[in-house]
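We will go from selection to selection, with a short note at each stop.

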Amino acid sequence: MASLKPALALLCGILLCFLVQVSLAAKVRHHKWEVEYMFWSPDCEEHVVMGINGQFPGPTIRATAGDTIVVELTNKLYTEGVVIHWHGIRQLGTPWADGTASISQCAISPGETFVYRFKVDKAGTYFYHGHFGMQRSAGLYGSLIVEVAEGEKEPFHYDGEFNLLLSDWWHQSVHEQEVGLSSKSFRWIGEPQSLLINGRGQYNCSLAAKYSNSSSVPECKLRGNEQCAPQILHVEPNKTYRLRIASITALASLNLAIGGHKLVVVEADGNYVQPFAVDDMDIYSGESYSVLLRTDQDPSKNYWLSVGVRGREPKTPQGLTILNYKPTSASRLPPIRPPVTPRWNDTDHSKAFTNKTLALMGSPKPPATSHRQILLLNTQNRIDGFTKWALNNISLALPPTPYLGSMKFGLKGAFDQASPPEKYDESYDVMKPAVNQNTTYGNGVYVFDLNSTVDVILQNANALANGTSEIHPWHLHGHDFWVLGYGEGKFTESDVKKFNLKNPPLKNTAVIFPFGWTALRFVADNPGVWAFHCHIEPHLHMGMGVVFAEGVQKVGRIPSSALACGMTGRRVANKN
């Protein structure tokens with residue numbers, strides 16, 4: 001027995017050393033935030049925005065894979081609740097920190113503080129945003145960048161990095177927008193007044209006015225210290241830069257280009273892809289990309305970076321900033337006009353870009369088959385004269401009690417217990433307006449067996465107006481999914497043989513094109529309750545979402561502060 005003591009001592013020493021190394025590598029990053037309304041001039045016109053600690057957009061979080069992020073969030077909004085969703089972070093083991101009101105937690109009441117604590121397990125380009133009402137449209141968002149773990153390397157080289165957070169901006173308040181969308185005399189929010197790059201844009205003036213054929217838009221006279229002045233990208237010649245690009249738009253699908261430069265796409269939604277070069281790129285709300293930019297053009301000139309609207313007839317001017325080659329003066333405008341955004345309804349251009357996005361060799365591959373298939377028909381409908389969006393003829397109306405708590409504690413009266421429909425009537429003609437355009441409210445849950453493989457087929461259809469079918473970017477919380485394929489018209493079982501099982505990209509947001517379908521596959525391996533919804537803010541507000549759940553009974557202790565409302569609130573109060 002005595003001979004074992006040195007060996008045991010050595011083993012304990014090795015384990016202790018390992019634990020010390022792990023603890024040194026992984027850090028806990030603390031942030032104290034206050035969310036409040038404030039006056040700001042995102043596009044040179046002053047309006048009320050939702051900011052964090054006096055900043056718009058909110059502070060950028062930077063962390064390393066394996067770190068724990070702690071955000072003490074205090075609600076200073078006076079009359080409304082708030083939550084923050086950490087978009088792209090899977091919340092493994094912490095589903096209550098997902099930041100989705102009525103699903104993972106109660107909204108944080110005015111004056112109260114909620115502590116988000118979660119681990120960032122995977123490097124990538126992410127962001128955060130409000131997920132209560134339409135607070136994302138009000139400006140509650142920011143970037144979340146996760147670097148590779150210590151000792152690991154990216155599969156590409158770069159000399160410098162820029163972060164580009166793209167958004168759209170309205171002068172009408174989100175409260176007016178919400179009332180219009182929820183009125184029987186339906187009032188659409190209209191197109192945004194401006195496109196913002198890192199929270200900065202220009203309204204009623206243009207940086208590129210001298211290249212315009214119209215004399216109605218004057219040239220912007222900016223000193224550079226204004227809240228709306230563009231953030232210029234200062235670069236050195238013959239270097240490679242990583243651009244981390246994320247779209248947090250409420251409505252607009254976007255296209256980004258840099259005059260005279262190729263962009264090499266290397267990451268999508270926090271997952272590496274096979275590098276491919278493009279002149280311009282489409283990006284939909286909820287998506288993020290990394291692209292590599294080589295500064296190999298004439299260094300005596302500057303170049304436009306332009307962002308324009310796609311998928312909707314553009315009534316919003318391009319968002320612009322400048323790629324400035326040092327030592328050329330940043331005040332020198334590029335000698336030619338900004339890149340022209342591809343025509344708004346050129347879906348072939350969009351599909352060509354999307355179909356080039358394939359997983360990098362060595363990426364996880366999808367299971368060969370699935371255990372369950374959910375076919376979701378996306379339709380625009382009416383309920384008692386109100387305009388809604390629906391899935392399989394059910395428009396989502398979230399309950400007052402968070403699903404995570406009600407399912408964990410078996411509170412069956414908290415939401416619809418019947419499972420929502422897993423398919424729609426096969427006779428439905430997706431190319432025409434529905435014969436019966438009425439729908440119903442619902443809040444049932446699709447419950448999956450833990451670790452089962454699920455296919456979701458998103459089927460687009462004609463909206464209320466004849467000949468109209470809109471683009472919808474769909475985002476899944478708590479998981480990544482494989483995008484197995486896209487198709488035209490109505491999905492049939494014969495389309496399954498077209499699925500890409502060799503190198504489909506892993507993403508958390510995917511688009512369905514007008515009158516088409518998109519096939520997704522994911523493994524339900526993350527105990528919790530998770531939103532799956534269109535990432536267009538007014539569409540979600542109008543009911544365009546569903547709720548998934550798996551392994552809820554395996555979820556650990558949920559902080560009582562996440563459940564202090566509805567039926568769970570009464571349960572927490574009675575325990576205390």
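Start by selecting Cys 228: at 4% relative accessibility, Cys 228 counts as buried (buried means under 20% relative accessible area, exposed over 50%, partly exposed in between, with a 1.4 Å probe and protein chains only). Before moving on, note that this is a predicted model, in which local features need pLDDT of at least 70, side-chain atom pairs count only at pLDDT 80 or more, and totals for chains, interfaces and linings use all residues. Residues are numbered from 1 along each chain as its sequence is written, and side-chain values use heavy atoms, with hydrogens and water left out.

Strands here are DSSP runs (E, at least two residues), as are helices (H or I, at least four), numbered from the N terminus. The link of Cys 44 and Cys 228 is right-handed, with 90 degrees about the S-S bond.

Next, select Cys 106 and Cys 565, a disulfide with its sulfur atoms 2.0 Å apart. Cys 106 lies in the loop between β5 (84-87) and β6 (113-119) and Cys 565 in the loop between β32 (545-550) and α6 (566-575), so the bond ties together parts that are 459 residues apart in sequence. Its handedness is left, at -90 degrees about the S-S bond.

How many disulfides does a search of the whole structure find? There are three, and Cys 205 with Cys 220 is one of them, at 2.0 Å from S to S. Cys 205 and Cys 220 are both buried.

For the rings, select Tyr 424 and Tyr 428. They form an aromatic pair that is edge-to-face, 6.2 Å centre to centre with 85 degrees between the planes (rings of Phe, Tyr and Trp, the last by its six-membered ring, pair if their centres lie within 6.5 Å; planes under 30 degrees apart count as stacked, over 60 as edge-to-face and the rest as tilted). Then highlight Trp 33, Trp 86, Phe 114, Tyr 116, Phe 118 and Tyr 128, which form one aromatic cluster.

How values were computed. A disulfide is a pair of cysteine sulfur atoms within 2.5 Å.
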